[in-house]
Amino acid sequence: MKTTLKPERISTAREALKKANQAYARTYPGESSRRQPVHVVYGGAHLFKSDTARKMGQLALASLREYAPDAETLAGCLGLPGGELAKRVHERVEAKLQREAVEDFRIDFEDGYGHRPDAEEDGHAVSTAEQVAKGMAEGTLPPFIGIRIKSFTEELFDRSARSLDLFVTALLERTGNKLPDNFVVTLPKITSPEQVTALARMLEVLEQERGLPAGALRLELMVETPQSIFDREGRLALPGLVAAAQGRCVGAHLGVYDYTAALGITAAYQSMTHPASNLVRGMMQISLAGMDVALSDGATNVMPVGPHKKGASPLTEAQQKENREVVHRAWRLAYEHTRNSLERGFYQGWDLHPAQIPVRYAAVYAFFLEGLGATSARLKSFIEKAAQATLLGDVFDDAATGQGLLNYFLRGIACGAITEEEARASGLTLEELRSRSFLKIVEGRRKVA
């Protein structure tokens, strides 16, 4: 066949394009197949113990059994459809709270800890490391864990850096140079890429001095300042912050209340559903799409705690009723906030109190179970069409949609909302599900055919 374009005439453009495509692939590797927890629980460093996650789980389960002992009560409180869906949600929430109530925990040296004398914070940096080491030995840590240090302002940098150093050094000394699974350092109130670069360099030095593999210490960005969204030149800031992390950034967490406060929004109107909060979620997604940086939403700041405490005398019926009403109102608010996050593509959020954990799982489980039938049918059809297109020699270029459908099941299975058997209604085998890759599934079916 006759052509006009000669390779030598377009070689310069082709080489430039190749470099650009390779750079794009490095910057935007796509969503990882690794598990993402559905929440992170923040707790002050002064309170952390090796069994904190287990005790929080016990409190969360007690809260569920006291204020939503059955599916009907839970459905009425949260506005869920009754019947089979509510029954499945309630059963799975209770099972999850017994099995693994806390998926991620952040030992907090910042807002949840406050400003304390240096000697006191030094002591807590070492003691929390000792407790983490103990939890590693006893198997009581959650699957994900980390610390949130103070910000890197001029006033706080030295204190923040010292706490990080003391914690990591003490931890590695007590564990024989081993880190907990999925350990991360969270940097708050970021206002410049240089702050992220400084943390990345400090983590690199810790690795080198302590003999850790390069990249073992990872970090998360807190998005809670306008400067973490737009830089001084008016450009999107988050891609630059991720680049400044030098391959260490695995997450970006939205701090709703600090962010809205920085915009001048008064406390009465700061909320998870404020228009400014929804806008910044979109900006985070636009900035980080395809970068393999997990997004996390913020927290509901209304605690589900009744006004009447149990004492020597039993609570009256009226006091019990008032407690139940207060808890249920807080639960409904947290449910609405979590649904708002899920519908906008944020599959993780913060929890601040054990009694918030049951409603976290109830919202997540209802979200996944409601769409189970439709998504199963869609994925089954999608895979069949993709495999057929491949067999016919056509170009199938919508693998991202297929992976997105598969990720629905992977996320649902990981958090306990969906069983592997239920996921098989999509036509996938367990082996295909566990491959975690849409392209591998299609390729495998093509080879079989």
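A cavity is a set of grid points where a 1.4 Å probe fits but cannot get out. In this predicted model, a search of the whole structure turns up two cavities of 30 Å³ or more. Helix H11 makes the greatest contribution to the lining of the largest cavity, with four residues. The points below cover the cavities, the pockets, the nonpolar cores and the aromatic pairs.

**Cavities**

- The largest cavity holds about 80 Å³ of space.
- Its lining is made up of 13 residues, and those nearest the centre are Thr300, Thr338, Trp350, Asp351 and Arg360.
- At least two lining residues of the largest cavity come from each of H11, strand S8 (349-351) and H12.
- By class, this lining has five nonpolar, six polar and two charged residues.
- Gln36, Pro37, Val38, Leu342, Tyr347, Val364, Phe368 and Arg411 line the second largest cavity.
- Six of these residues are nonpolar, one is polar and one is charged.

- The volume of the largest pocket is about 1200 Å³.
- Its lining counts 48 residues, with Glu31, Ser32, Gln36, Asp292 and Arg411 closest to the centre.
- Helix H14 (residues 399-415) supplies nine residues to the lining of the largest pocket, the most of any contributor.
- That lining comprises 23 nonpolar, 15 polar and 10 charged residues.
- The second largest pocket has a volume of about 330 Å³.
- It is lined by 17 residues, of which Glu66, Tyr67, Pro304, Val305 and His353 are closest to its centre.
- Helix H2 (52-67) and helix H11 (317-343) each provide at least two of the residues lining the second largest pocket, and the largest share, five residues, is from H2.
- Nine nonpolar, five polar and three charged residues form the lining of the second largest pocket.

**Nonpolar cores**

- In soluble globular proteins, nonpolar side chains tend to be buried together.
- The largest nonpolar core has 114 residues, and Val89, Ile107 and Leu164 touch the most other members.
- Helix H12 (residues 357-370) gives this core 11 residues, the most of any contributor.
- Leaving aside residues up to four places away in sequence, Leu164 is in contact with Ile147, Ile149, Val185, Leu199, Met202, Leu203 and Leu206.
- A second, separate core consists of five residues, among them Val40, Tyr42, Met222 and Trp350.

**Aromatic pairs**

- There are 12 aromatic pairs in the whole structure.
- The ring centres of Tyr24 and Tyr28 lie 4.9 Å apart with their planes at 35°, so this pair is tilted.
- Tyr24 has a relative accessibility of 53% and therefore counts as exposed, while Tyr28, at 30%, is partly exposed.
- Tyr408 and Phe409 form an edge-to-face pair, 5.0 Å centre to centre and with 85° between the planes.
- Both Tyr408 and Phe409 are buried.
- Tyr347, Phe367, Phe368, Tyr408 and Phe409 are linked by ring pairs into a cluster.

**Arginine 339**

- Arg339 is located in helix H11.
- Its relative accessible area is 15%, under the 20% limit, so Arg339 is buried.
- Arg339 touches Ala363, Ala366, Phe367 and Glu370, with residues up to four places away in sequence not counted.
- Of these contacts, Phe367 is one of the residues in the aromatic cluster.

How values were computed
Residues numbered from 1 in each chain as written. Predicted model: local features only at pLDDT ≥ 70, side-chain atom pairs only at ≥ 80, totals over all residues. Heavy atoms only, no water. 1 Å grid on protein atoms, 1.4 Å probe; cavity = no way out; pocket = protein on both sides within 12 Å on 5 of 7 lines; lining within 4 Å. Points joined across faces, edges and corners; volume = space filled by probe spheres on them. Nonpolar A, V, L, I, M, F, W, Y, C, P; charged D, E, K, R; others polar. Core = buried A, V, L, I, M, F, W, Y, C linked by side-chain atoms within 4.5 Å. Buried < 20%, exposed > 50% of the residue type's maximum accessible area, 1.4 Å probe, protein only. Contact = heavy atoms within 4.5 Å. Phe/Tyr/Trp six-rings, centres within 6.5 Å; stacked < 30°, edge-to-face > 60°.
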